[in-house]
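Hi,

Here is the structure you will be taking over. Please open it first, then read my notes below.

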Amino acid sequence: MALAAVDVQLVPVDGAGPHDADLALLPVRERDRLAQRRDPADRHRSAAAHAALRRLLGSRLGRDPADVEVGRSETGALVVGEQGWWASVAHSADLAACALARRPVGVDVEGASPPTDPAALARWCSPAEVRALGRASPTGRDAAVRRAWARKEAVAKALGAGLAVPFADLDVRHALVRVPGRRRPVAVRDVDVGPGRSGAVALDHLWVVVRTRR
Ligand SMILES: CC(C)(COP(=O)(O)OP(=O)(O)OC[C@H]1O[C@@H](n2cnc3c(N)ncnc32)[C@H](O)[C@@H]1OP(=O)(O)O)[C@@H](O)C(=O)NCCC(=O)NCCS
């Protein structure tokens with residue numbers, strides 16, 4: 001099986017609200033969708049991620065970024081109009097990200113740590129993960145928890161399943177993640193998104209190379 005590449009584009013998001021140049025690349029239905037988001041920062045992050053995705057896809061296809069087709073499945077996963085391409089976006093705090101690949105892909109960035117108390121961890125981690133996180137040093141624990149969450153979200157997005165995947169069933173301690181009911185595991189890789197944050201990208205493929213642009 002050949003190596004599959006995934007392109008990840010990271011976009012810093014300032015507080016200035018969605019940029020006109022980003023909005024101009026989005027179709028009316030996406031702009032309407034953005035307008036429904038109450039939080040201006042959230043609108044800005046989502047617009048930045050989708051505009052970055054269209055620019056990336058446009059450059060790969062040799063097309064105007066405003067002309068590339070990206071729709072959504074019933075579960076909310078992005079669907080690239082061009083056959084044989086998959087995409088994903090994520091946004092958190094002051095960062096947006098998009099990922100593009102020739103296999104189903106999921107990306108996640110986390111600016112805050114999920115709850116680390118034992119009851120919360122037991123809800124979204126496997127017993128082996130809970131034990132491993134329990135062994136992390138007090139200073140490294142938050143980062144380890146955030147990294148695990150980012151990996152799980154990336155895998156869930158690559159599967160296109162969102163909330164349908166019980167996170168506790170996804171053990172993300174290693175680079176290949178077994179998914180209940182599937183024969184082949186999903187590959188997951190950390191993406192360096194700076195101190196105090198975590199990022200991950202997952203691909204439905206075994207051998208993966210990640211190309212990150214900032
Ligand atoms: C779908 C999900 C992954 C989105 O994550 P989030 O933290 O809300 O937001 P992110 O910034 O990471 O990602 C948002 C993007 O995910 C994408 N997305 C939404 N549903 C998706 C799906 N089913 N598959 C793939 N991608 C999806 C969207 O493109 C969205 O961005 P947009 O609205 O700007 O287009 C998340 O809501 C989810 O399902 N989490 C599962 C949590 C869980 O299972 N918990 C159980 C234990 S507590």
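Ala5 has Val209 in E10 as its bridge partner. Helices (H or I, at least four residues) and strands (E, at least two) are DSSP runs, numbered from the N terminus. E1 and E10 run parallel and are joined by 6 bridges. Two strands count as paired if DSSP finds at least two bridges between them.

Before going on, two notes on the source. This is a predicted model: local features need pLDDT of at least 70, side-chain atom pairs count only at pLDDT 80 or more, and totals for chains, interfaces and linings use all residues. Residues are numbered from 1 along each chain as its sequence is written.

**The sheet**

E1 and E10 belong to an open sheet of 4 strands, in the order E4-E5-E1-E10, with mixed pairing. E4 and strand E10 (208–213) stand at the edges with a single partner strand each, so one side of each has no neighbour in the sheet. Neighbouring strands here are turned by 20 degrees against each other on average, direction ignored. H3 packs on the sheet and touches E1, E4 and E5. The direction of H3 makes about 30 degrees with that of E5. (Axes are lines fitted to C-alpha atoms, for helices over the stretch in contact; angles run from 0 to 180 degrees between N-to-C directions.)

**The core**

The largest nonpolar core has 58 residues. Such a core is a set of buried Ala, Val, Leu, Ile, Met, Phe, Trp, Tyr and Cys residues joined through C-beta atoms within 7 Å. Buried means 20 or more other C-beta atoms within 10 Å of a residue's own, exposed means 12 or fewer, and partly exposed is in between; C-beta atoms are placed from the backbone. Elements that each supply at least two core residues include strand E1 (4–12), helix H3 (40–61) and helix H6 (138–158). Ala202 is among the residues with the most contacts inside the core. Beyond four places in sequence, Ala202 touches residues including Val105, Val155 and Val188. (Contact means C-beta atoms, placed from the backbone, within 7 Å.)

**Pro114**

Pro114 sits in the loop between E6 and helix H4 (118–124). Pro114 counts as partly exposed because it has 18 C-beta neighbours inside 10 Å. Leaving aside neighbours within four places in sequence, Pro114 is in contact with Val145 and Trp149.

**The whole chain**

The protein chain has 6 helices and 10 strands. Buried residues make up 40% of its 214 residues. The C-alpha atoms fill a box of roughly 50 × 40 × 30 Å along the principal axes.

Best wishes

Notes: Contact = placed C-beta atoms within 7 Å.
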